Amino acid sequence: MQDKAEAQPILSMNSVEVLYDNVMLAIKGVSVQVPKGEMIALLGSNGAGKSTTLKAISGLLKAERGRISRGEIKFEGEDITDALAQNRVQKGICHVIEGRRVFEHLSPDENLTAAAPTGMSRSTLNAEKEKIYAYFPRLAERRNSQAGYLSGGEQQMLAIGRALVTQPKLLMLDEPSLGLAPFLVAEIFGILQKINKEEGMSVLLVEQNALAALEIVSEGYLIENGRVVMNGTAEALKSNSDIQEFYLGGGEGTDFHNVKHYSRRKRWLS
Amino acid sequence: MDWIFLSELAINGALTGLLYSLFAIGLVLIYKASSVPNLAQGGLTMLGAYVVVALSHDAGLPLWLAIPLAALFMFALGFGIERVALRRLAGRPVVMILMLTLGLDIFLRGTTLAIWGGTSRSMELGVSYDPLFLGDIFISRIHLVGAAVAIGLFVAFMLFFRSRTGIKLRAIADDYTASWSVGISVERGVGLSWALASVVAVAAGVIWGEVQGVDQSLSLLLLKGLTVAVLGGLDSILGAVIAGIILGIIENVGADFIDPLVGGGSRELIVAAVLILTVMIRPHGLFGRHDIERV
Ligand SMILES: Nc1ncnc2c1ncn2[C@@H]1O[C@H](COP(=O)(O)OP(=O)(O)OP(=O)(O)O)[C@@H](O)[C@H]1O
Ligand SMILES: [Mg+2]
């Protein structure tokens, strides 16, 4: 029993191809496994196909006229390749989309209410909200102001909080660190780690900030040009010389020096 | 200056304005839940009126039964419109959806013309035509009834948009993709807003059908309704009510001053001026939400 649960990942994505507008092949056979209760990172540079991978899992491709043209996605052993986005949320997959898209004209409190599953009782919702406000005390202070005027960090916290209201078993985040000061990234990643530990929630984290991401995940995948080109434990990735050279860049993220090397690398990868 | 006459103009103007609000609330409902101005609201209002007349006069049902049945029918129709037509357009540019609603309006006008012909029919609500006297000022009873209905709907929808379902609809208007991402059924939400707007169309159709008769010209209420909705801010129910009152007063009092100068017909000009000036000077209207600058 125990062995079986360990053997079966909560999410398994096998050789998935995604087409946009029936012509643009954005990912070309990506396979990713998320073991239950683990935090996994998906790394890669601009246009590699990270967001597309998450959208394939959450069912948000349809909104952008994209579709899965090959491969399959299983969540808790069940095939969800063609399921509606709302059904996937019900099953326990929630996707914090790129760019902190909070409901700007609603208050943070209303943002959380909007995400409540139909049928969640008022007392459960309130308990859920209090839990989220406890994780993110800054949100609690501003719960009744307009979400569009929150700071970038607060909006990212709200976007995560809003996803937590759906009580996900697998939380997927698309570049939560983008545009945030390092101390805020550390704060948010710390909270993610805490939620992962306390609630056993699995996390799939998309990041360009490989350095920060590899500190909190157990395993990572590197995507280039729509393909997984590397997969290993966080430790192994951190000590890999390519990753060090092209993604960790001496701890500073990208500078022009690295970008130049990067384009050279891209050629021999594709 | 005849103050009694002026206040009579103002009060009746405000009441007529609330009837515009009654219409505009339907527009705002759809805008609030999908950020699309519904150009078929006039057609829906006309259809609502026809269905009530068909159920009451033609089928012989009493009004207290005919009106709720018509509301039920229109509620289902609103959902149907989303299911059959709008769903295919999700994610397309708003202008395509706008054209679709325009097509729907023309379709509804054609359909009612084919089924019921073009001669005007009467609603016969049984509201007395005798004016009501408020001191020296006289007031039309049907306008008073319509204004009360408008205010009733206003209160109901203010409460609705604070409920969980109402908040989800507002979330949908803000961001479709983000709504999908947390499991909100955008399709069902948009369908619900159309269903509710279609019910509002029945209310507006009944009152306006009583005021000016039931025929295809009811669909032209769209022009004044849009003006009120835009002045109010398109997504504000309170705005629709206040803007209705303002437009009604300006139109009634203004026409009384200007008509003698230009020899009549200034009402349309006043409405047009209000619409154009609002869009030019204050595109968010009196109470509309502002687009938040992202930095
Ligand atoms: N809606 C779309 N229609 C057509 N092509 C798309 C669409 N979205 C993404 N693509 C293309 O698919 C490829 C992968 O894009 P994706 O957004 O998944 O990359 P990413 O790894 O998330 O990049 P970034 O780090 O810049 O967010 C890119 O070449 C992109 O141009
Ligand atoms: Mg991306």
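Residues are numbered from 1 along each chain as its sequence is written, chains are lettered from A and ligands numbered from 1 in the order in which they are written. In this predicted model local features need pLDDT of at least 70, side-chain atom pairs count only at pLDDT 80 or more, and totals for chains, interfaces and linings use all residues, while side-chain values use heavy atoms, with hydrogens and water left out.

**View 1. The open sheet of four strands in chain A.**
The strands of this sheet follow the order β2-β1-β4-β5 (chain A), and their pairing is antiparallel. Strands (E, at least two residues) and helices (H or I, at least four) are DSSP runs, numbered from the N terminus; two strands pair if DSSP finds at least two bridges between them. At the edges stand β2 (24-34) and β5 (78-79) of chain A, each of which pairs on one side only. Strand β1 (residues 11-20) of chain A is joined to β2(A) by eight bridges, and the two run antiparallel. Within this pairing, L19(A) has L25(A) in β2(A) as its bridge partner.

**View 2. The open sheet of six strands in chain A.**
Here the order is β6-β7-β8-β3-β9-β10 (chain A), with mixed pairing. Both β6 and β10 (227-233) of chain A are edge strands with a single partner strand, so one side of each has no neighbour in the sheet. From one strand to the next, the twist averages 15°; for such angles, axes are lines fitted to C-alpha atoms, for helices over the stretch in contact, and values run from 0 to 180 degrees between N-to-C directions.

Five of the five residues of strand β7 (residues 170-174) of chain A are buried, so the strand is largely enclosed by the rest of the structure. Buried means under 20% relative accessible area, exposed over 50%, and partly exposed in between (1.4 Å probe, protein chains only). L170(A), M172(A) and D174(A) point one way from β7(A), whereas L171(A) and L173(A) point the other way. Four bridges connect β6(A) with β7(A) in a parallel arrangement; C94(A) has L171(A) as its bridge partner, and H95(A) stands opposite M172(A). Five bridges connect β7(A) with strand β8 (residues 202-207) of chain A, also running parallel, and in β8(A) the residue opposite L171(A) is V203(A).

**View 3. Helix α2 of chain A and the two sheets.**
Helix α2 (residues 50-58) of chain A lies across β1, β2 and β4 (66-75) of chain A, at about 110° to β1(A). The helix α2(A) also lies across β3 (39-43), β6, β7, β8 and β9 of chain A, running at about 150° to β7(A).

**View 4. The magnesium ion (ligand 2) and its protein donors.**
S51(A), through OG, and E98(A), through OE, are the protein donors of the ion, at 1.9 to 2.3 Å from it. Donors are N, O and S atoms within 2.8 Å of the metal (3.2 Å for Na, K and Ca); water is not among the atoms, so sites may look incomplete. The pair links distant parts of the chain, 47 residues apart: S51(A) belongs to helix α2 of chain A, and E98(A) to the loop between β6 (93-96) and α4 (108-114) of chain A. S51(A) is buried, with a relative accessible area of 12%, whereas E98(A) is partly exposed at 36%.

**View 5. Two loop residues of chain A with positive phi.**
R100(A), in the loop between β6 and α4 of chain A, has a phi near 50°, a positive value in a residue other than glycine. The residue R100(A) is buried, at 18% relative accessibility. N225(A), in the loop between β9 and β10 of chain A, likewise is not a glycine and has a positive phi of about 50°. The relative accessible area of N225(A) is 22%, and N225(A) is partly exposed.

**View 6. The contact between chain A and chain B.**
Chain A contributes 33 residues to the contact and chain B contributes 23 residues, contact meaning heavy atoms within 4.5 Å. About 2500 Å² is buried between chain A and chain B, with 54% of that area given by carbon and sulfur atoms. Buried area is the accessible area (1.4 Å probe) that two parts lose on being put together, summed over both. In chain A, Q86(A), F103(A) and H105(A) lose the most area to chain B, together 24% of what that side buries.
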